[in-house]
Amino acid sequence: MPSIEEKQKKTFGLIAVGAFGSVAVSLLVGSLPFVLPAFRRICLPYVPATDSQIQNVVKLLKARKGNLIDLGSGDGRIVLTAAKIGFPAVGVELNPWLVLYSKARAFYLGLNKKAIFRRQNIWKTDLKKYDNIVIFGVEQMMPQLEEKLSQELKDDACVIACRFPLPNWNELLTVGTGIDTVWLYENKTSNQNPDLFS
């Protein structure tokens, strides 16, 4: 018959295994939204915008009005900044934890009526109603994004591309250098390369 000390050791061992297992499962579940993008055809990883990138976007928005959408809004920095300077702004993001975080920040800052966040795929997002589109993309997605914009962009809308430019459109203005470079595009009909979509 096991002694009281052996029973206590066994109980402690079971509790330790259970606690370790719970922590491991929690870490796995919590990290899945950050790991799964790597398995998509086009991986759009979460990389927070730098302060310089945000300020460069703000510079390009100064002469603009209307609403704004940030495609792949991450932790919501661009949307919250746009809302602070008066834009009704929407962020779409696939990672549910980043969407929840962004909503909590908007509420904390008192911007939850001007800054809306949705868990949504950027490729299934209708851009027709937006005046200003911001994207922190990756190089391999930009040609596909150009095609989507050519089909959905309003004639008076603008696109602000961060980190990587649209490869076949003519930028109206460029601000910043290196990784902080931001490109402004306006009026899809004058920017669209006719050979690209024929």
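C162 stands opposite V182 in strand 7. Strands here are DSSP runs of E, at least two residues; helices are runs of H or I, at least four; both are numbered from the N terminus. Five bridges join strand 5 to strand 7, and the two run antiparallel. Two strands pair if DSSP finds at least two bridges between them.

A word on the source. This is a predicted model: local features need pLDDT of at least 70, side-chain atom pairs count only at pLDDT 80 or more, and totals for chains, interfaces and linings use all residues. Residues are numbered from 1 along each chain as its sequence is written, and side-chain values use heavy atoms, leaving out hydrogens and water.

Contact means heavy atoms within 4.5 Å. N56 counts as buried because its relative accessibility is 6%. Buried means under 20% relative accessible area, exposed over 50%, partly exposed in between, with a 1.4 Å probe and protein chains only.

Next, the core. The largest nonpolar core has 27 residues, and V57, I160 and C162 are among those with the most contacts inside it. Such a core is a set of buried Ala, Val, Leu, Ile, Met, Phe, Trp, Tyr and Cys residues joined through side-chain atoms within 4.5 Å. A second, separate core of 22 residues includes I133 and W183.

What about cysteines? C158 is buried, at 0%, and C162 is too, at 0%. Disulfides, pairs of cysteine sulfur atoms within 2.5 Å, come to zero.

Last, confidence. pLDDT is the predictor's confidence in each residue, from 0 to 100. The protein chain averages 83, and 75% of the residues score at least 70. Over residues 27-40 it stays under 50. Over residues 192-198 it is also below 50.
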